[in-house]
Amino acid sequence: MTQHSESPSDVAAFHAAYDHLKPALPGAGWLRELRHVAMTRFLSLGLPGRRAEQWRYADLSPLRKGSFSPVTLAQETEQARIDAAAVPGLDGPRLVFINGRFQRALSRMEGLPADLAPQSLREVLITGGGSLRDLITDLRDGDAFDQLNTAMMSEGVVIDVPKGLKVETPVEIVYLVDDADDRAAHLRVVVRLGEGASLKLIESFKGDDSRFFTNLITQTTIADDAHLTLIRRQNEGAGTVHISRIYATLGRGALAVHHLATGGQSARHELRADFTTEGGDVRYQGIQLARPHQTLDTLTFLDHAVPDCTSDQAYRGVLAADAVASFQGKVLVRRDAQKTDAKQKSDSLLLDRSATSNAKPELEIYADDVQCAHGSTVGELSTDQLFYLMARGLSPLEAKAMLVEAFIAALCDGVPDEAARNAFIETARGWLQDPDVPALAVKEAS
């Protein structure tokens with residue numbers, strides 16, 4: 001993957017942080033060597049610039065201005081702040097990360113089956129990390145942020161769901177940023193599902209306005225007849241740069257991703273899925289709610305390499321004044337992937353004409369017996385509908401909020417967990433009530 005760095009000096013601070021932390025980074029000899037190779041490649045690649053096609057809509061300028069060194073000491077945080085970041089109503093197992101550091105004392109494991117035991121990534125790596133070697137090595141040819149994550153990762157979680165185990169209770173991971181200016185978290189989450197297993201993983205990101213960099217990679221392998229649901233609510237602070245990516249490899253299993261992004265100064269979410277066995281299925285539903293001067297970016301790449309697999313992608317974005325939100329979705333259907341059924345739809349709603357919505361849906365098809373479709377729309381709130389609601393007593397703000405809620409309702413309703421679904425809805429309502437999201441200038445209907 002070719003990248004174009006805007007300046008070789010933009011990686012100097014990351015290099016200095018790596019040199020400082022290198023002696024304390026966990027891992028055996030094979031990983032130390034891999035870290036060295038990854039940092040060398042990162043220094044060669046540099047941070048991608050806008051000339052790189054996949055990064056043309058992203059804003060990485062904040063990363064060129066700070067040091068963003070990883071936190072090395074645990075941060076004391078009030079339990080109330082953790083509870084406020086989590087999904088209300090979820091009382092099951094919860095893993096807590098504060099400023100990128102795993103907090104075992106603040107986490108809870110109650111409610112898990114006896115043969116399911118999430119492990120700290122740091123502890124797995126300290127003991128050798130051999131079981132993760134193939135997965136970690138898989139990204140050796142990745143882009144700059146893959147390389148940086150491999151070089152610097154020290155925290156995360158490993159979840160192995162044994163064959164046939166259907167975990168009924170959702171597992172939640174809370175990532176909280178608290179008083180961490182010019183800090184970074186390079187996290188790696190590994191989720192492996194055995195044949196016939198199922199898991200629902202709910203992730204909540206929350207933070208203050210610290211200048212922070214979240215660099216998260218999730219790697220998952222899903223065996224035949226297994227089902228993984230990932231529900232992600234990203235609501236970090238206004239000073240955060242957030243880059244998270246999911247790498248999924250599917251057998252004849254199913255992956256469902258539900259994503260809501262409202263936070264960060266600049267945030268990017270990626271999903272990359274490889275179909276390796278007939279009968280795989282991927283469902284993606286993503287919502288981006290962009291504040292003024294905020295940049296939110298979603299990229300998906302689904303590689304249909306084998307026959308009889310299905311994928312369905314639905315994205316909706318709502319943009320306030322001077323916001324930028326983007327969706328780049330690509331479906332590759334290779335020559336042998338006959339009977340592929342792939343759908344992709346992107347819809348965006350502008351609350352002000354100063355907002356910028358970018359959409360780039362792509363289908364690259366080399367098979368001839370397929371059903372594939374994509375589409376994209378960008379529009380504004382209907383003045384007729386606003387006038388109708390206001391004529392029945394709603395204020396302009398109430399009318400706008402009702403129409404925006406209706407626009408994203410179908411994707412919120414698709415979240416397959418009641419507590420997480422309600423959290424999506426309440427987060428969206430909080431966004432609408434944010435004073436930084438100005439009211440739409442309502443014109444009289446003609």
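Colleague: Why is D347 called buried?

Modeller: Its relative accessible area is 7%. Buried means under 20% relative accessible area, exposed over 50%, partly exposed in between (1.4 Å probe, protein chains only). So D347 counts as buried. This is a predicted model, where local features need pLDDT of at least 70 and side-chain atom pairs count only at pLDDT 80 or more, while totals for chains, interfaces and linings use all residues. Residues are numbered from 1 along each chain as its sequence is written, and side-chain values use heavy atoms, with hydrogens and water left out.

Colleague: What makes D347 and R316 a salt bridge?

Modeller: A salt bridge needs a side-chain nitrogen of Lys or Arg within 4 Å of a carboxyl oxygen of Asp or Glu. Here N to O is 3.8 Å. Therefore the pair qualifies.

Colleague: And what makes D347 and K345 a salt bridge?

Modeller: The closest N and O atoms are 2.5 Å apart. That is within 4 Å, so the pair qualifies too.

Colleague: Why is K345 called partly exposed?

Modeller: K345 has a relative accessible area of 34%. That value falls between 20% and 50%, so partly exposed is the term. R316, at 24%, is also partly exposed.

Colleague: How do you know that R94 and D83 form a salt bridge?

Modeller: Their closest N and O atoms are 2.9 Å apart. This is within 4 Å, so the pair counts.

Colleague: Is R94 buried or exposed?

Modeller: Buried, with a relative accessible area of 5%. D83 is partly exposed, at 38%.

Colleague: How many salt bridges does the whole structure hold?

Modeller: The search finds 34.
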